[in-house]
Amino acid sequence: MTDEYYPWGGEFTACAPHGCVAVVLLNIQYTPPEDVAIYGSLKTENIGIEKIIANTISNPWIRFLVICGDDIRGHRSGSSLIALYKNGIDHNHRIIHAPGAIPYIENLKENAIKRFQAQMTVIDLIGEKKKKKSMK
């Protein structure tokens, strides 16, 4: 099922094919629950973001993207991904208002970005590094 939904390779783990949550890990060692669709790290504010967009929109079940951990120094890949979600790209393919060093989306068409923006709800937990204790 992994090849069907996730056409772009990368450092990720596919879990529940019909899960509605994808998790992006920034400088954090964490294993999400098995009912998430996919999770993995994000290091760069360009090709890394392109892979996340391509792989999440290829799975129609994914509706939520959780970003957690400490942003990558210099690259600011997590903040750049949030900027892409909120603002899109300009005519030069630069992510609008992205703080990253080289925030350019070169390998995706604008309709893929618009689909990402429409399909996902991004949950910004940048800076969050601790797993919350469950309330039982």
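User: Are α3 and α4 roughly parallel or roughly perpendicular to each other?

Analyst: This is a predicted model, where local features need pLDDT of at least 70 and side-chain atom pairs 80 or more, while totals for chains, interfaces and linings use all residues. Helices are DSSP runs (H or I, at least four residues), and these two pack at about 90° with axes 8 Å apart. Angles run from 0 to 180 degrees between N-to-C directions of lines fitted to C-alpha atoms over the stretch in contact. An angle of 65 to 115 degrees counts as roughly perpendicular, so α3 and α4 are roughly perpendicular.

User: Which residues of α4 make the contact with α3?

Analyst: Residues are numbered from 1 along each chain as written, and side-chain values use heavy atoms, without hydrogens or water. Contact means heavy atoms within 4.5 Å. On the α3 side are Leu-81, Leu-84, Tyr-85, Lys-86 and Asn-87, and they meet, on α4, Ile-113, Phe-116 and Gln-117.

User: How many residues of α3 are buried?

Analyst: Helix α3 spans residues 77–87 and is mostly covered. Buried (under 20% relative accessible area, 1.4 Å probe, protein chains only) applies to Ser-77 and Leu-84, among others. Elements covering these buried residues include β2, α2, β4, α4 and β5. Of the eleven residues in α3, the number buried is eight.

User: What is the bridge partner of Ala-14 in β3?

Analyst: Strands (E, at least two residues) are DSSP runs too, and β1 and β3 (residues 38–41) run antiparallel, joined by three bridges. In one of them, Ala-14 is partnered by Ile-38.

Technical notes
Buried means under 20% relative accessible area, exposed over 50%, partly exposed in between (1.4 Å probe, protein chains only). Angles under 35 degrees count as roughly parallel, over 145 as roughly antiparallel, 65 to 115 as roughly perpendicular and the rest as oblique. Two strands pair if DSSP finds at least two bridges between them.
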